[in-house]
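Please look through the following report with the sequence and the structure side by side, taking one region at a time.

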Amino acid sequence: MAHPLLQSIWLIPCYALLGAILSALWFPGITRRTGPRPSGYLNALMSMATFLHAAFALPAIWGQPPQEILIPWLDVAGLNLTIPIEISTLSVGAIVLVAGINLLAQTYAFGYMEMDWGWARFFSLLGLFEAGMTALVLCNSLFFSYFILEILTLATYLLVGIWFNQSLVVTGARDAFLTKRIGDLFLLMGVVALLPIAGTWNFNELAEWAQTAQVDPKVITLVGLALIAGPMGKCAQFPLHLWLDEAMEGPVPASILRNSVVVATGAWVMYKLEPVLALSPTVLATTVFIGAVSAIGGSLIAIAQIDLKRTQSYLVTAYMGLVFIAIGTQQPEAALLLVLTHSLASALIIMGGGAVVWNSITQDVTQLGGLWSRRPVSGFSFLIGLAGLVALPPFGGFWAALKIAQGVWETQPWIVGIILLVNAFAAFGITRVFCLLFMGEAKQMAQRSPEVHYWMALPMIVMMGFTLHLPLILEALDLLPSWADINTDVALLLIWSTITGIALSAIVYTNNNIAKPVVLPWKGLQDLLAYDFYTPNLYRSSIVFVVALVSQITSWFDKYLVDGGLNLFGVLTLFSGRNLRYSTSGQSQFYMLTIVFGIALISVLLSLPFLSHVTVSLFPQNTTEIVMSVQR
Amino acid sequence: MQLQYFLLIAAALFCVGIYGLVTSRNAVRVLMSIELMLNAVNLNLMAFSNYLDPQQIKGQIFTVFVITIAAAEAAVGLAIVLAIYRNRDTVDMEQFNLLKW
């Protein structure tokens with residue numbers, strides 16, 4: 001480990017954390033005169049430092065075997081909690097991705113948050129996120145990953161709730177926290193249960209252990225299910241997906257971060273845990289099932305949304321579902337590739353959408369239109385994001401989808417069907433949003449809509465460059481399959497599904513002969529999708545209802561039975577004191593009677609042992625007889 | 001004439017005394033009942049001393065003391081009754097229930 005940048009890799013989370021802490025200086029209550037902007041610049045600088053550090057460290061680790069730094073944290077009573085930091089091409093590469101997207105999102109936020117005074121809070125939370133995510137990819141221990149995931153859950157709560165004077169923000173932040181918390185708690189069960197079985201939390205050691213592990217299949221199935229429950233909440237998978245929809249109440253730059261990177265933290269943990277999950281076929285099947293349901297459900301719901309940000313958030317659920325499928329079919333590399341391509345493309349799409357929202361005010365896609373001629377940057381970012389996300393060669397999304405599909409083509413062809421379906425739906429959904437935003441007649445809200453200024457345009461253009469270069473980068477890194485390995489059937493199927501989706505959508509939404517808004521023949525299905533399968537009602541009538549009922553019952557029990565029991569004791573004592581005092585009647589003759597009774601009682605009690613010996617004869621022969629009988 | 005007859009008589013006298021003690025409304029009659037009880041005790045002491053201790057007759061000495069103390073006690077008791085009577089103009093025991101609960 002000669003390279004100084006590698007030796008000091010542990011500094012990376014500290015940069016962003018420092019920025020997050022220093023931002024507090026520009027809270028409106030502390031710096032009262034000069035405004036909060038320096039906090040944003042400082043955080044961006046810290047992101048830049050992280051990015052440069054990782055980017056320069058990457059060549060040094062390239063091709064080298066992974067190295068580990070151990071930082072002792074706590075050693076108590078036989079439990080040794082050491083923080084292992086893994087320095088590998090993968091982890092440093094992931095840091096470059098995280099810091100890069102963060103830097104762009106922060107630059108974007110300079111523009112987007114122009115008219116907002118809450119920069120210090122916003123940017124310090126972005127900094128906290130960056131610190132958390134870089135720490136997550138560096139740390140090579142399940143326990144500390146859980147640790148960081150929880151901190152990120154709290155940060156999500158605060159970041160979603162940044163404009164807390166809006167009631168929907170407050171409920172959204174609440175749901176985001178509780179839903180992710182439930183998943184994390186299940187994950188904690190899995191983490192705790194894994195230690196006695198495997199004896200370690202280190203991911204490498206877990207992988208080694210999993211190769212030769214002989215464990216009770218039931219136990220490992222339960223542990224595995226708990227372990228996927230955490231990422232299930234984190235990645236907004238069905239049925240824990242409602243929070244991502246409601247988290248769209250937060251500001252757009254935070255959404256960029258969340259949709260592209262934060263949801264991928266769950267995928268990262270799953271990637272690391274893949275060897276353990278592979279121990280149980282049931283867990284793998286469940287993972288595939290959850291992924292498939294989320295992917296199809298999410299992409300279908302995305303088509304039926306009219307809120308611009310929500311059309312994008314459900315696609316995140318769908319693509320994370322594909323990541324779940326990749327993990328479930330034991331293709332961790334494919335999952336990582338998908339996370340990479342998705343994060344770039346998704347960030348680009350959300351940036352484009354945010355740019356439209358910023359100066360068209362409304363988020364309702366049915367009230368926009370005709371922006372293409374006036375909004376080239378936003379339009380191109382949308383288009384290139386679309387190209388990068390769906391399976392459209394030669395862009396990134398194609399290679400990721402191809403890799404997953406090829407991996408299951410021989411064994412589970414029906415999964416290829418799901419991927420094709422999701423790909424077609426996603427293509428349809430994004431193209432629909434593109435057409436509604438940029439094609440056709442400009443509606444009232446979009447009639448005077450200038451292009452955004454450079455702070456927002458710059459990151460979009462840079463991100464377009466990244467997305468467009470991604471295939472070249474992948475090729476340079478030998479991550480693309482060689483032409484001989486490509487299964488042309490799968491590739492063609494994927495391309496056709498994309499083209500079908502895009503073409504259908506374009507036909508429906510640019511053709512003036514089809515009435516807008518489009519109404520499905522069956523209104524029930526359209527409403528079902530538009531209202532997200534009525535998930536809020538589902539939550540409210542199942543979990544929330546049961547928990548509320550049980551808490552009301554326990555509250556009642558506590559209030560009336562437990563408290564009442566104790567109070568009854570006190571009340572009884574009070575009453576007995578109040579009533580027994582009437583025994584003090586004030587009549588001295590009554591007292592004398594009491595004394596007489598007392599004496600009589602005591603003498604009877606005291607003489608009880610002797611009474612059996614006393615022979616009562618009314619006419620004893622002599623006086624000594626009584627005395628003798630008493631003495632006996 | 002046997003010891004137990006005396007004892008039974010004394011016990012009966014004592015019970016009559018107790019009955020008078022707790023039922024009389026006149027304070028003087030309460031004092032008189034106390035005298036009855038004391039006399040029942042004296043009767044006991046005399047009987048025991050006569051039948052069981054004819055030599056040393058310690059019971060009779062006790063009896064002398066009891067009579068003496070009873071006289072003193074009756075004097076103090078009557079003084080208390082007089083003191084109460086001066087304040088409250090009555091010797092009815094049921095009017096003396098001021099010190100209740």
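## Where the two chains meet

Between chain A and chain B there are three residue pairs in polar contact, with both residues at pLDDT 80 or more. The size of an interface is often given as the accessible area lost when the parts come together. For chain A and chain B this buried area is about 1,500 Å², and carbon and sulfur atoms give 62% of it. The number of salt bridges counted between chain A and chain B is zero.

## Confidence in chain A

The mean pLDDT of chain A is 89, and 97% of its residues reach 70 or more. Within chain A, the confidence is highest in helix α22 (residues 543–580), at a mean of 95, and lowest in helix α24 (residues 624–631), at 53. Where pLDDT is low, the predicted coordinates should not be read in detail.

## A helix of chain B

Helix α2 of chain B covers residues 27–51, and its 25 residues reach 37 Å from the first C-alpha to the last, close to the 36 Å expected at 1.5 Å a residue. Several residues of α2(B) are buried, among them B:Ala27, B:Val30, B:Leu31, B:Met37 and B:Asn42.

## A covered helix of chain A

Helix α16 of chain A, residues 396–409, has 14 residues that should span 20 Å at 1.5 Å a residue, and its end C-alpha atoms are 20 Å apart, which agrees. This helix, α16(A), is mostly covered, since ten of its 14 residues are buried. Among the buried residues of α16(A) are A:Gly396, A:Gly397, A:Phe398, A:Trp399 and A:Val408. The buried residues of α16(A) pack against helices of chain A that include α13 (308–328), α14, α15 (376–389) and α17 (413–438); α18 (454–476) and α19 (488–510) are also among these partners.

A:Thr50 is placed in helix α3 of chain A, residues 37–61. Is A:Thr50 buried or exposed? A:Thr50 counts as buried because its relative accessibility is 0%. Leaving aside residues up to four places away in sequence, A:Thr50 touches A:Ile12, A:Tyr15, A:Ala16, A:Ile95, A:Ala99, A:Glu130 and A:Thr134.

A:Val357 is found in helix α14 of chain A, residues 332–360. With a relative accessibility of 7%, A:Val357 also counts as buried. Beyond residues up to four places away in sequence, A:Val357 touches A:Tyr112, A:Leu308, A:Thr362 and A:Gln363. The C-alpha atoms of A:Val357 and A:Gly328 are separated by 37 Å, and these two residues lie 29 residues apart along the chain.

## Backbone details in the loops

| Residue or bond | Feature | Angle |
|---|---|---|
| A:Phe238 to A:Pro239 | cis peptide bond | omega about 0 degrees |
| A:Pro393 to A:Pro394 | cis peptide bond | omega near 5 degrees |
| A:Ala236 | positive phi | phi near 55 degrees |
| A:Tyr534 | positive phi | phi near 55 degrees |

A:Pro239 is placed in the loop between α9 (217–234) and α10 (242–246) of chain A, and A:Ala236 is also in the loop between α9 and α10. A:Pro394 is in the loop between α15 and α16 of chain A, whereas A:Tyr534 is in the loop between α20 (523–530) and α21 (535–541) of chain A. A:Ala236 counts as buried because its relative accessibility is 0%, while A:Tyr534, at 33% relative accessibility, counts as partly exposed.

Technical notes. Residues are numbered from 1 along each chain as its sequence is written. Chains are lettered from A and ligands numbered from 1 in the order in which they are written. This is a predicted model: local features need pLDDT of at least 70, side-chain atom pairs count only at pLDDT 80 or more; totals for chains, interfaces and linings use all residues. Side-chain values use heavy atoms; hydrogens and water are left out. Helices (H or I, at least four residues) and strands (E, at least two) are DSSP runs, numbered from the N terminus. The expected span of a helix is 1.5 Å times one less than its number of residues. Buried means under 20% relative accessible area, exposed over 50%, partly exposed in between (1.4 Å probe, protein chains only). pLDDT is the predictor's confidence in each residue, from 0 to 100. Contact means heavy atoms within 4.5 Å. Buried area is the accessible area (1.4 Å probe) that two parts lose on being put together, summed over both. A salt bridge is a side-chain nitrogen of Lys or Arg within 4 Å of a carboxyl oxygen of Asp or Glu. A polar contact is a pair of N or O atoms within 3.5 Å; within protein, one must be able to donate a hydrogen and the other to accept it, and residues adjacent in sequence count only if both atoms are side-chain atoms.
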